[in-house]
Amino acid sequence: MFTAILDGIFNGLSVGSVLLLAALGLAIVFGLMGVINMAHGELMMLGAYTTFLVQNAFKLLGEPWTNFYIFFAVIMAFIVAALMGLVLERGVIRYLYGRPLETLLATWGVSLILQQFVRSVNWVMIAGLIVFCLLYFGGLWAVKKRPDFERIRHWAITVLLTLSAAIAWAVGSVLSQTYKLAVTKPWFGAQNVDVTAPKWLLGGLPIGNYQLPYTRMFIMVLTVLCVLAIYWFLNKTPWGLRIRSVTQNRNMSACLGIPTQKVDALTFALGSGLAGIAGCAVSLLGSVGPNTGQNYIVNTFMVVVVGGVGKLVGTIVGAMAIGITDYIIGTGILANLFTSIQPLADFFTFFATTSMAKVMVFLLIVIFLQFRPAGLFPQKGRTVDA
Amino acid sequence: MTRQFGRRKFLLYGSATLGTSILLKACAGGSPTASESPAADSTTAASPAAASGGGDTIKVGILHSLSGTMAISEKSVVDSTQLAIEEINQAGGLLGKQIETIEEDGASDWPTFAEKARKLIEEDQVVVIFGCWTSASRKAVLPVFEEKNHMLYYPVQYEGQECSKNIFYTGAAPNQQIEPSVDWLLEEKGKEFYLVGSDYVFPRTANTIIKAQLEAKGGTVVGEDYLPLGSTEVTPIISKIRSALPNGGVIYNTMNGDSNVALFKQMQGAGLTPDKYPVMSVSIAEEEVKAIGTEFLKGHYAAWNYFQTVESPENTKYVEAFKAKFGEDRVTNDPMEAAYISVNIWKQAVEQAGETGTPTSLEKVRAAAYGQKFAAPEGPVTMNTNHHISKTVRIGEVRDDGLFEIVYSTPAPVDPLPWNQFVTDTQGFTCDWTKTGVDNPGKFKET
């Protein structure tokens with residue numbers, strides 16, 4: 001009995017910690033910055049693909065290294081996703097602050113682009129992109145030096161764009177004609193790729209009849225570390241202080257000399273990097289493919305909304321509550337508790353499959369939000385509506 | 001920073017975006033054309049003739065998802081279809097003409113499938129279409145094929161309970177995959193079954209069949225669970241399996257796609273090993289094994305009609321041809337082989353009819369398909385008058401190299417039964433499109 005309870009608690013917490021890790025980045029981007037980032041799942045996917053690449057690189061290094069690739073992968077996943085987030089913020093989102101609907105559409109578009117990107121990325125495409133960026137941004141930089149830049153601006157951009165696109169396209173087709181399959185073969189393709197946990201993470205810790213999987217424990221530890229690191233960063237560092245002040249009152253912070261644009265970029269990159277770490281973690285549990293991110297996006301928004309936008313502690317409690325409820329309903333523990341009351345037992349048995357448990361959880365969330373529209377831990381104070 | 005985002009700027013950046021997307025498409029488009037250069041050679045050789053003579057090629061449509069969730073599985077079926085057509089073209093074509101393929105992308109979206117099917121039939125005027133994977137996509141295109149009285153060759157194992165005049169089903173019906181595997185499990189692995197599946201039509205129908213069959217043959221179902229498509233949280237399922245089967249038992253898995261990966265990875269973590277908890281899967285083939293990871297699947301089972309490891313001269317030839325065209329690292333699997341059969345059965349029917357199957361001669365080609373025999377990589381197959389084909393059933397165990405060790409195969413090809421005899425609604429019904437004097441030859445009771 002004791003081990004059964006322990007197993008139940010462990011499983012509920014582990015379901016919750018996967019949710020929490022996935023939602024942590026979003027809690028910052030959506031919760032603190034108010035950006036509805038539909039591409040959050042795809043940033044996770046990038047993290048998962050980075051894990052795949054790191055794993056393959058370490059396979060080349062040989063035996064002792066392959067066992068520890070996962071630590072390196074976590075860091076790389078953070079860096080890659082954070083860089084992508086930075087590009088996204090500088091290139092798209094900063095033009096759309098304060099316009100949630102446009103942000104939603106734009107980031108959704110970005111998510112579709114990223115999905116198709118990992119499906120069809122190959123050397124030709126990369127070469128084309130690099131050539132295009134070099135020519136276009138290089139050319140723009142050169143033209144900007146001219147004194148009459150403002151006057152010829154539109155003309156220059158049009159010409160540069162067409163020229164560099166044409167040259168990049170030509171380079172791409174020449175490459176694909178010359179080297180054929182070697183450069184046109186997609187890196188990943190539409191197929192899922194295989195990420196395998198290192199040997200010491202396979203299997204589990206046996207307790208009586210049960211076995212606690214090591215990968216789950218690893219994810220729980222990783223989640224705890226991430227939460228601690230964020231709390232430390234937000235509360236104990238100068239940049240954390242700036243982030244908090246900007247999220248509380250942007251105009252006042254700007255007046256006091258805080259570089260709000262830099263803070264925005266940093267916050268978004270941080271949130272994206274956390275998504276990358278989450279991607280690395282879920283690659284140990286599930287599949288890694290172009291659609292990996294799609295499987296998590298709804299859950300992560302759910303967690304942040306239930307927890308209360310703007311409070312990290314809300315996200316933590318929300319994730320755990322949803323995870324444990326989902327597990328308890330899905331395994332039919334409630335049905336067993338109510339065996340004496342027949343109709344109730346029947347009711348819970350009906351919901352005791354994984355897909356029906358989801359229905360029940362959503363139902364509970366809808367009801368909950370009727371009474372607490374702002375979530376578990378709503379933001380208080382005068383600046384809430386600002 | 002309150003600069004207006006004016007109309008001019010909008011036009012400018014709009015054109016920039018457009019330019020970039022065209023660029024991306026051009027680069028991405030480079031891959032299929034170049035990778036299929038051998039095929040392109042034969043089509044280009046054929047197209048000038050088409051331009052001058054107008055009708056010197058036979059146009060066929062290929063309708064699969066090349067993007068979206070299902071692209072994972074469907075892309076390789078397209079490859080196999082192209083291989084079969086290329087072989088026919090290289091051997092001199094069909095009725096003296098080259099076959100020209102028109103590929104359309106169903107984009108894993110069922111209405112798109114119907115739209116593209118209509119486009120292939122009306123605009124491109126193809127004589128036949130090879131395509132679809134999910135039952136949902138097949139159900140979506142079915143009305144189009146019936147309205148236009150056209151032909152679809154459907155290459156995937158499915159739940160049965162359908163028999164359309166306008167579809168040839170070259171994958172397995174349930175009695176050619178699920179039922180023999182349940183019999184084998186009862187005999188070899190135990191009487192207690194736990195059923196897990198994705199939450200949509202195939203697993204639910206399959207599990208209805210399995211439950212009826214187990215009841216008839218003395219097995220028991222100790223639990224049943226469904227996971228939403230794409231979900232990867234299988235912890236509750238694993239807990240339930242462990243409490244329902246504390247001493248081990250059989251798990252029958254009808255999950256699709258990403259959930260499979262989660263199930264096997266996490267079962268291994270939870271210590272449910274194949275010696276105590278063998279899993280029989282019906283949608284895991286060589287490609288999926290590669291994507292999930294052999295170390296998680298080793299020792300588990302799958303039921304199919306074809307495995308890459310089938311030993312026959314036809315299969316050796318097929319596997320070698322496929323690898324030569326698409327790369328040494330590629331594997332072949334059941335739906336791919338069924339697609340290969342589709343093209344060849346169609347080719348033989350056209351040859352026998354002496355007509356290509358344009359709207360006027362479609363009936364003739366359809367009638368000629370009945371009884372066509374083909375020495376397929378999986379062994380001899382025959383097209384029946386119920387539009388399904390007789391196939392050998394095999395059970396394979398995943399081995400170290402990610403391929404299957406065939407542990408059981410039926411002594412002879414099993415005849416297909418589209419209407420399931422274990423499900424009360426359809427008990428006693430059969431399908432025979434050559435039958436006259438019944439209201440609906442697709443579903444009637446033998447008297």
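Here is a short walk through chain B, from the whole chain to one residue. The model is predicted, so local features need pLDDT of at least 70 and side-chain atom pairs count only at pLDDT 80 or more, while totals for chains, interfaces and linings use all residues. Residues are numbered from 1 along each chain as its sequence is written, chains are lettered from A and ligands numbered from 1 in the order in which they are written, and side-chain values use heavy atoms, leaving out hydrogens and water.

Let us start with the whole chain. Chain B has 14 helices and 17 strands (DSSP runs numbered from the N terminus: H or I of at least four residues for helices, E of at least two for strands). Of its 447 residues, 61% count as buried, meaning under 20% relative accessible area with a 1.4 Å probe, protein chains only.

Now look for the open sheet, where 7 strands run in the order β7-β6-β8-β9-β10-β14-β15 with mixed pairing; two strands pair if DSSP finds at least two bridges between them. At the edges stand β7 (220-227) and β15 (404-409), each with a single partner strand, so one side of each has no neighbour in the sheet. Inside the order, β10 (residues 301-304) and β14 (residues 394-398) pair in the antiparallel sense over 4 bridges, and here B:Tyr301 stands opposite B:Glu397.

Finally, find B:Thr356 in the loop between α13 (334-353) and α14 (362-369). This residue is buried, with a relative accessible area of 14%. Leaving aside residues up to four places away in sequence, B:Thr356 touches B:Ile58, B:Leu95, B:Val127, B:Val350, B:Ser361 and B:Val365, where contact means heavy atoms within 4.5 Å.

Notes
Buried means under 20% relative accessible area, exposed over 50%, partly exposed in between (1.4 Å probe, protein chains only).
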